[in-house]
Amino acid sequence: MRKQERANFIAEVLNEYFPAPPIPLDHKDSFTLLIAVLLSAQCTDARVNIVTPGLFALADTPEKMALLDVEEIREKIQSCGLSPTKARNIKALSQQLLDFHRGETPATFEDLEALPGVGHKTASVVMSQAFHQPAFPVDTHIHRCAKRWKLSDGKNVEKTERDLKRLFPKESWNKLHLQIIYFARQFCPAKKHDPDTCPICSQVA
Ligand code: SF4
């Protein structure tokens, strides 16, 4: 099967298995999503969803968050890992939203990526899930699947993002990135997988 045919087939399978993938991180607006995505670095979504209600009960807006001490934030997010750095970034980011964006979450890659602790992947998730702009955030699951499916050579996440964007129509990117994550978690973990029964690789070899 040629690469484009493989991509089309994979999109069909993913639509069949995950027709309406939900957003995994609990949030109520763009600010709480931004904080949740920042917390999800090197942490599971399930763990982030356990931690955020306590944090957001204390502060769910940039105004309230900027008033907290870094230590207060750190205590609430401790179980997420990298909590000292994340707490510092959350406070600084909230202050920057107040100083430069009137307390609003900016809806451009450039402004999002200028915020403390916000890289291209975090910005992509926020652009996609809060602002419904086409983006293809590549996490470890998507990077791994793209390589296993021979849609990219797996050189680095930047290349994987470029390759996937070329293969799939823009209007499918936001849904597709969630579908691949759900598929990877259920069928295509880093260690164990069964190519003979898998709905994808058994067909696209
Ligand atoms: S066979 Fe393995 S590598 Fe291929 S999609 Fe299935 S689980 Fe992933």
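These are my notebook entries on a predicted model of one protein chain.

**Entry 1: overall fold**

I began with the secondary structure. The protein chain has 12 helices and zero strands. Read from the N terminus, the order of elements is α-α-α-α-α-α-α-α-α-α-α-α.

Next I looked up the dimensions. The C-alpha trace spans about 55 × 30 × 30 Å along its principal axes.

**Entry 2: burial, contacts and surface**

I asked how much of the chain is buried. Buried residues make up 48% of the 205 residues. I then took contacts between residues at least 6 apart in sequence; of these, 59% join residues at least 24 apart.

The surface came next. The protein chain exposes about 10500 Å². Carbon and sulfur atoms supply 52% of that area.

I also checked charge. There are 27 positive and 25 negative side chains in the protein chain. The centres of the two sets lie 6 Å apart.

**Entry 3: cysteines**

How many disulfides does the model hold? The count comes to zero, with the cut-off for a pair of cysteine sulfur atoms set at within 2.5 Å.

Cys188 has a relative accessible area of 7%, so it is buried, as the limit for buried is under 20%. Cys201 is at 26% relative accessibility and therefore counts as partly exposed.

**Entry 4: positive phi**

I went through the backbone for phi values. Most residues other than glycine have a negative phi.

Gln42 is not a glycine, yet it has a positive phi of about 55 degrees. I found Gln42 in the loop between helix H2 (30-39) and helix H3 (45-58). Its relative accessible area is 72%, so Gln42 is exposed; the limit for exposed is over 50%.

Arg102 is the other one I noted. Its phi is near 50 degrees, a positive value in a residue other than glycine. Arg102 lies in the loop between helix H6 (83-101) and helix H7 (109-113). Arg102 counts as exposed because its relative accessibility is 78%.

**Entry 5: His27**

I moved to the loop between helix H1 (3-17) and H2, where His27 lies. Is His27 buried or partly exposed? Its relative accessible area is 31%, so His27 is partly exposed.

Which residues does His27 touch, leaving aside neighbours within four places in sequence? His27 is in contact with Thr32 and Leu33. I also took the spacing to Asp60, which is 33 residues apart from His27 along the chain. Their C-alpha atoms are separated by 9.7 Å.

**Entry 6: Leu93**

Leu93 sits in helix H6. Its relative accessible area is 0%, so Leu93 is buried.

I listed what Leu93 touches, not counting residues up to four places away in sequence. The contacts are Phe31, Leu34, Ile35, Leu38, Leu115, Pro116 and Val118. I also checked Thr52, 41 residues apart from Leu93 along the chain. The C-alpha atoms of Leu93 and Thr52 are separated by 16 Å.

**Entry 7: Arg47**

Arg47 is in helix H3. With a relative accessible area of 32%, Arg47 is partly exposed. Leaving aside neighbours within four places in sequence, I found Arg47 in contact with Ser79 and Cys80.

How far apart in space are Arg47 and Phe136, C-alpha to C-alpha? They are 23 Å apart, and 89 residues apart in sequence.

**Entry 8: Pro62**

Is Pro62 buried or exposed? Its relative accessible area is 4%, so Pro62 is buried.

I set aside neighbours within four places in sequence and read off its contacts. Pro62 is in contact with Phe31, Ser94, Leu97, Leu98 and Gly103. Phe31 is also among the residues that Leu93 touches. Finally, I took Pro62 and Thr105, which are 43 residues apart in sequence. From C-alpha to C-alpha, Pro62 and Thr105 are 9.1 Å apart in space.

Key
Residues are numbered from 1 along each chain as its sequence is written. This is a predicted model: local features need pLDDT of at least 70, side-chain atom pairs count only at pLDDT 80 or more; totals for chains, interfaces and linings use all residues. Side-chain values use heavy atoms; hydrogens and water are left out. Buried means under 20% relative accessible area, exposed over 50%, partly exposed in between (1.4 Å probe, protein chains only). Helices (H or I, at least four residues) and strands (E, at least two) are DSSP runs, numbered from the N terminus. Contact means heavy atoms within 4.5 Å. Accessible areas come from the Shrake-Rupley method with a 1.4 Å probe; for residues, only the protein chains shown count as cover. Lys and Arg count as positive and Asp and Glu as negative; His and the chain ends are not counted. The place of a charge is taken as NZ of Lys, CZ of Arg, CG of Asp or CD of Glu.
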